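Please work through the exercises below with the sequence and the structure side by side, trying each task before reading its solution.

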Amino acid sequence: MFRQSSRSAMTRRGLLASAALLITTAGVHARIVTKVLPWRPNEAYPVKPVVPGGYLFFTAGEAAAVDAIVDRLIPTDELGPGAKDAGVTTFIDRQLTGPYGGNDWLYMQGPFSEKPLPTQGLQSPLTPRQQYRLGLAALHGYCTATYGGRGFIALNPEEQDKLLAAMEKGEVSFPNFSSRTLFSAIYANTMEGYFADPIYGGNRDMAGWKLVGFPGVRYDFRDVIEKPNEAYTLPPVSMQGRPAWGER
């Protein structure tokens, strides 16, 4: 749960506690499923590494707002880089341009329950792309109307924290969009991007993995498997090997 706090005391561990296992999808082509399997036997979808730099979905203003939000959710501190510095906005941008952004593999014909049970999953006709586009526009409209013409990125950290806490609880009304829906989308994608393999654009230099001691996708553990109760000290390895984010 997001908790309002000062910039220095912003809790990272509250976020990490709910991030036991995070899964992202590889890039695939959109398709319509009509009485046939949506794949061919033995077909594979190799991951295309994300190249950082520029945005494919976000406008410059949208990217700046998302940067500011993820920077408050997981800030850079003495424990390491935060979500913004780890490339989470790039991760979200690339996910929105892929099948996730259009809910390509989900049944989207409705009907959609207005009061769904917890077991019913997503109940919205809006795709993630639409949620971000409409939600960020609504956030900007609310902020400029409430804070004397200032957008979210112009608010001070305390104001940003207070607004995000209210959005999480659904206590603030945006024009024509649910503030809680926007918060939930960005929160979930921030957690995914911070802990997903760096090949997807976030978790730069495996910052999230280093924070929680995750070894990554190292193929061989023979040098440590016979040493129980000893600290694992090897650096993490991504699907691209090491270093995970190219030369510097």
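The exercises that follow concern a predicted model, and each task comes with a worked solution.

**Exercise 1.** Describe the secondary structure of the protein chain and the order of its elements.

*Solution.* Begin with the totals, which come to 8 helices and 2 strands for the protein chain. Then read along the sequence, where the pattern is α-α-α-α-α-β-β-α-α-α. As for burial, 42% of the 248 residues in the protein chain are buried.

**Exercise 2.** Find which residues touch the most other members of the largest nonpolar core, and which elements give two or more residues to this core.

*Solution.* The largest nonpolar core has 44 residues, and within it Leu139 and Leu163 touch the most other members. The elements that give two or more residues to this core are α2 (60-73), α3 (88-97), α4 (128-146), α5 (157-169) and α6 (179-195), and of these α6 gives the most, with 8 residues. Leaving aside residues up to four places away in sequence, Leu139 touches Ile69, Phe152, Leu163, Met167, Phe174 and Leu182.

**Exercise 3.** Work out how α2 is oriented relative to α3, and which residues meet where they pack.

*Solution.* First take the geometry: α2 and α3 pack at an angle of about 125 degrees, and their axes are 9 Å apart. Next, the crossing of α2 past α3 is right-handed. Finally, Ala63, Val66, Asp67 and Val70 in α2 meet Val88, Thr89 and Ile92 in α3, a contact that by class has 5 nonpolar, 1 polar and 1 charged residues.

Conventions. Residues are numbered from 1 along each chain as its sequence is written. This is a predicted model: local features need pLDDT of at least 70, side-chain atom pairs count only at pLDDT 80 or more; totals for chains, interfaces and linings use all residues. Side-chain values use heavy atoms; hydrogens and water are left out. A nonpolar core is a set of buried Ala, Val, Leu, Ile, Met, Phe, Trp, Tyr and Cys residues joined through side-chain atoms within 4.5 Å. Buried means under 20% relative accessible area, exposed over 50%, partly exposed in between (1.4 Å probe, protein chains only). Helices (H or I, at least four residues) and strands (E, at least two) are DSSP runs, numbered from the N terminus. Contact means heavy atoms within 4.5 Å. Axes are lines fitted to C-alpha atoms, for helices over the stretch in contact, and angles run from 0 to 180 degrees between N-to-C directions. Angles under 35 degrees count as roughly parallel, over 145 as roughly antiparallel, 65 to 115 as roughly perpendicular and the rest as oblique. A crossing is left-handed if the near helix is turned anticlockwise from the far one by less than a right angle, and right-handed if clockwise. Ala, Val, Leu, Ile, Met, Phe, Trp, Tyr, Cys and Pro count as nonpolar, Asp, Glu, Lys and Arg as charged, and the others, Gly among them, as polar.
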